[in-house]
Amino acid sequence: MLVVDDGSADDTAEQARVAGARVLSLRPNRGKGAALKAGFLEALSGAVDSHWSAILTLDGDGQHDPAEAPAVLAAWTASGADLVVGARDYKQMPPVRWFTNNLSKLLFSWAVGEKIPDNQSGYRLRTRRVVEADLSSTEQGFAFEVEEIAICVGRGYKLAWVPIRTIYGTETSDIKPWSHFVSFMRVTRRARRRARQERRAISTRSGP
């Protein structure tokens, strides 16, 4: 168990250590993509476990239920996918998020040429080759996980989806849905370009 503490101002790191987790603390806050990459590098170094086949990640904001991890693992075992994503039920989201997330989902699916049920869920299981491919991403924030899907689609890696609970607490989110959507449009353009680059690279390697 590895906890990446990305600049938390509370006692997250200490509580994780007390619970028995290995903690990687980043200062200052670097963004979700940078935090994931830091965790991946730690795992690839063998510091946590040198014999792993996949990494299961959950966000630390309370929106992911750890009790659903067995379902994600079962989906991986059954499908043999390189990337398993926990797909949320958009109907359970607040109205504005429901609208912007559904529109984002449709646009992103068009951009990469494949139906993508949930492009921003952080509840994921990645095989080692996906983790290694992710290191080439320069995205530092939420766009990292969006580009991850584009990389997998472009390389022809198998994707699988498993339903997970949609959890929203009473706390106020720092995310502004409409400005987030505008940012996502720019991310989608970059992801479309990345998927095309990956397809071209594979085509070149398997050429005549």
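Not counting residues up to four places away in sequence, threonine 127 touches Ser53, Ala54, Trp76, Ala81 and Asp82, where contact means heavy atoms within 4.5 Å. This is a predicted model, in which local features need pLDDT of at least 70 and side-chain atom pairs count only at pLDDT 80 or more, while totals for chains, interfaces and linings use all residues. Residues are numbered from 1 along each chain as its sequence is written, and side-chain values use heavy atoms, with hydrogens and water left out.

- Threonine 127 has its place in strand S5; helices (H or I, at least four residues) and strands (E, at least two) are DSSP runs, numbered from the N terminus.
- With a relative accessible area of 10%, threonine 127 is buried, a word that stands for under 20% relative accessible area, whereas exposed stands for over 50% and partly exposed for what lies in between (1.4 Å probe, protein chains only).
- Threonine 127 and glycine 80 are 47 residues apart in sequence, and their C-alpha atoms are 9.6 Å apart in space.

**The sheet**
- An open sheet of 4 strands has the order S3-S5-S4-S6, with mixed pairing; two strands pair if DSSP finds at least two bridges between them.
- The edge strands, each pairing on one side only, are S3 (54-57) and S6 (159-163).
- Strands S4 (residues 83-87) and S5 run antiparallel and are joined by 3 bridges, and valine 84 stands opposite leucine 125 in S5.
- Helix H2 (residues 32-44) packs on the sheet, where it touches S3 and S5, and its direction makes about 145° with that of S3; axes are lines fitted to C-alpha atoms, for helices over the stretch in contact, and angles run from 0 to 180 degrees between N-to-C directions.
- Helix H6 (residues 143-155) lies across S4, S5 and S6 and runs at about 45° to S5.

**Helix H3**
- Which residues of helix H3 (residues 69-79) are buried? They include Ala69, Val72 and Ala75.
- Seen down the axis of H3, the buried residues fall within an arc of 125°, so they line one face of the helix; the arc is that of the directions from the helix axis to the C-beta atoms.
- An α-helix has 3.6 residues a turn, so residues three or four places apart point the same way.
- The face of H3 turned away from the buried side carries the exposed residues Pro70, Thr77 and Ala78, while the cover over the buried residues includes S3, S4, S5 and S6.
- After H3 comes glycine 80, whose phi is positive, near 70°.

**Nonpolar cores**
- The largest nonpolar core has 18 residues, and those with the most contacts inside it are Phe108, Val112, Ile116, Ile149 and Leu159; such a core is a set of buried Ala, Val, Leu, Ile, Met, Phe, Trp, Tyr and Cys residues joined through side-chain atoms within 4.5 Å.
- S4, H4, H6 and helix H7 (177-205) each supply at least two residues of this core, and its largest share, 6 residues, comes from H6.
- A second, separate core of 10 residues includes Ala81, Tyr123, Leu125 and Ile164.

**Asparagine 119**
- Asparagine 119 is found in the loop between helix H4 (95-112) and strand S5 (124-127), and at 1% relative accessibility it counts as buried.
- Leaving aside neighbours within four places in sequence, the residues in contact with asparagine 119 include Phe108, Ile149 and Phe184.
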